[in-house]
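This briefing is meant to be read with the sequence and the model side by side.

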Amino acid sequence: MIQCRFCRSSSGRVVLDLGPQPACDLFPPAAHPGPDPVHPLRMWACAACGLAQLAEDPAGAEEPRGAEPAALVQQARDAVARVRLAGWLDGARTVAEFGSPHGGSWLDLVELTPVNHRTDGPGDGPGDGRADVVIDCFGLMHEPDQAAGLAARAERLAAGGVLLLQFHTLAAILRDGQWNALRHGHHAYYSTPVLTAMLRQAGLVARSAFRFDLYGGTVLLAATRGGEPDESVTSLIEEELAAGVTDPATLERLGEDATRGAEKLRALLAERSGAIIGYGAASRAVALLCRAGVDAGLLPAVVDASAAKQGRRMPGTDIPIVGPERLAGAGQVLLFLPDLLPEVRASHPGVAGWIVAP
């Protein structure tokens, strides 16, 4: 029986089933032929609180860590600048961060005056270790127990403080057919109406919302222990509800997107007869390649900037992961992460053409 990771209800239904999939962050050495262990990969929508979530998880380690894209770094700078301009950092003296397993930090960007004290761990810093600013950028989704994870973030917040919580919105996943955002280790998929309700149950109010283009659509909520939501929050809630983010029948369309995307990828690679190589050994590429039944005969290699991934292979396939030197003189390159396109075009001008994966 599936139980909601937030409200503990067992009422809900599976809205996306990708079948048995390998753990997408366990990249085996290229010399190990497999087969790799596989696990169910399903999205379940809670009928009680509306949270879309991972139904099962193999609880595997997330390794090795990838290189942080320039797009993610730039978005973090933009987010902090916009939050500061809106006044949410005014008077703050301490900052704490709940990090993501994928790396990246905002601590160096949040320069507080007159004191920039970091309460990096429970009990660190003065008093009870609470902070005026608590940051979570894509971290909460990694908590298997969503209620406990959100409560821990609320507990770290000092009186009068603000929680800055950023997430990849389910509305963008639904709008763009990003079915392969579903992956082991990512336990929750938030919409603004559902997350604001979760925050209220944790004693917090989403006061302002900031939108960004990263990953097709991310949202940052500024939440405090009191006050009321402004128009940026209320309008976003209305917009996402109209898009069907809490409607299981609408979410089930992601299954159709999965079928179309896999068929389109296989047809593309079959037509080019192994002349295309990939770029970006990302978690979302794993389900796409496995769903499409792609092997090294169709995609000879995937390039990745992370030295920790080079010399390994894509999970569930025999496709090797190689270094950027493979791009020298390359013709067509299949890009698995659209946000990287400006960065890779500038870094590898010799590539004849980039194709964004379906």
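How much of the chain over residues 4-56 is helix and how much is strand, and how far apart are the end C-alpha atoms? Residues 4-56 are 0% helix and 43% strand, with end C-alpha atoms 11 Å apart, where helices (H or I, at least four residues) and strands (E, at least two) are DSSP runs numbered from the N terminus. This is a predicted model, in which local features need pLDDT of at least 70 and side-chain atom pairs count only at pLDDT 80 or more, while totals for chains, interfaces and linings use all residues. Residues are numbered from 1 along each chain as its sequence is written, and side-chain values use heavy atoms, with hydrogens and water left out.

**Domains and record annotations**

- The domain assignment of the protein chain gives domain 1 (12-54), domain 2 (70-243) and domain 3 (250-356), the bounds coming from an automatic or database assignment.
- In an unreviewed entry, UniProt lists residues 4-56 as "domain: Methyltransferase putative zinc binding"; UniProt positions are given in the numbering used here, feature names are shortened, and annotations may be inferred rather than shown by experiment.
- UniProt, again in an unreviewed entry, places "domain: C-methyltransferase" at residues 215-330, a span that is 40% helix and 12% strand and whose end C-alpha atoms lie 26 Å apart.

**Interface of domain 1 and domain 3**

- The C-alpha centres of domain 1 and domain 3 lie 19 Å apart, and the contact (heavy atoms within 4.5 Å) takes 21 residues from domain 1 and 20 residues from domain 3.
- About 1600 Å² is buried between domain 1 and domain 3, with carbon and sulfur atoms giving 63% of that area; buried area is the accessible area (1.4 Å probe) that two parts lose on being put together, summed over both.
- Two salt bridges are found across the interface of domain 1 and domain 3, a salt bridge being a side-chain nitrogen of Lys or Arg within 4 Å of a carboxyl oxygen of Asp or Glu.
- Strand β1 (residues 12-22) supplies eight residues, the largest share of the side of domain 1 that touches domain 3.
- That side of domain 1 divides into 14 nonpolar, three polar and four charged residues, with Ala, Val, Leu, Ile, Met, Phe, Trp, Tyr, Cys and Pro counted as nonpolar, Asp, Glu, Lys and Arg as charged, and the others, Gly among them, as polar.

**Salt bridges and backbone features**

- The structure holds eleven salt bridges, including the one in which the side chains of arginine 313 and aspartate 36 meet at 2.7 Å, N to O.
- Arginine 8, which is not a glycine, has a positive phi of about 75°.
- Arginine 8 also forms a salt bridge with aspartate 145, the closest N and O atoms being 2.8 Å apart; because arginine 8 lies in the segment before β1 and aspartate 145 in the loop between β6 (131-137) and α2 (146-155), the pair ties together parts that are 137 residues apart in sequence.
- Glycine 34 and proline 35 are joined by a cis peptide bond with omega of about 5°, and proline 35 lies in the loop between β1 and β2 (38-46).

**Surroundings of isoleucine 2**

- Isoleucine 2 is placed in the segment before β1, and its C-alpha lies 8.4 Å from that of glycine 12, ten residues away in sequence.
- Neighbours within four places in sequence left aside, isoleucine 2 is in contact with Ser9, Ser10, Val14, Arg42, Trp44 and Ala55.
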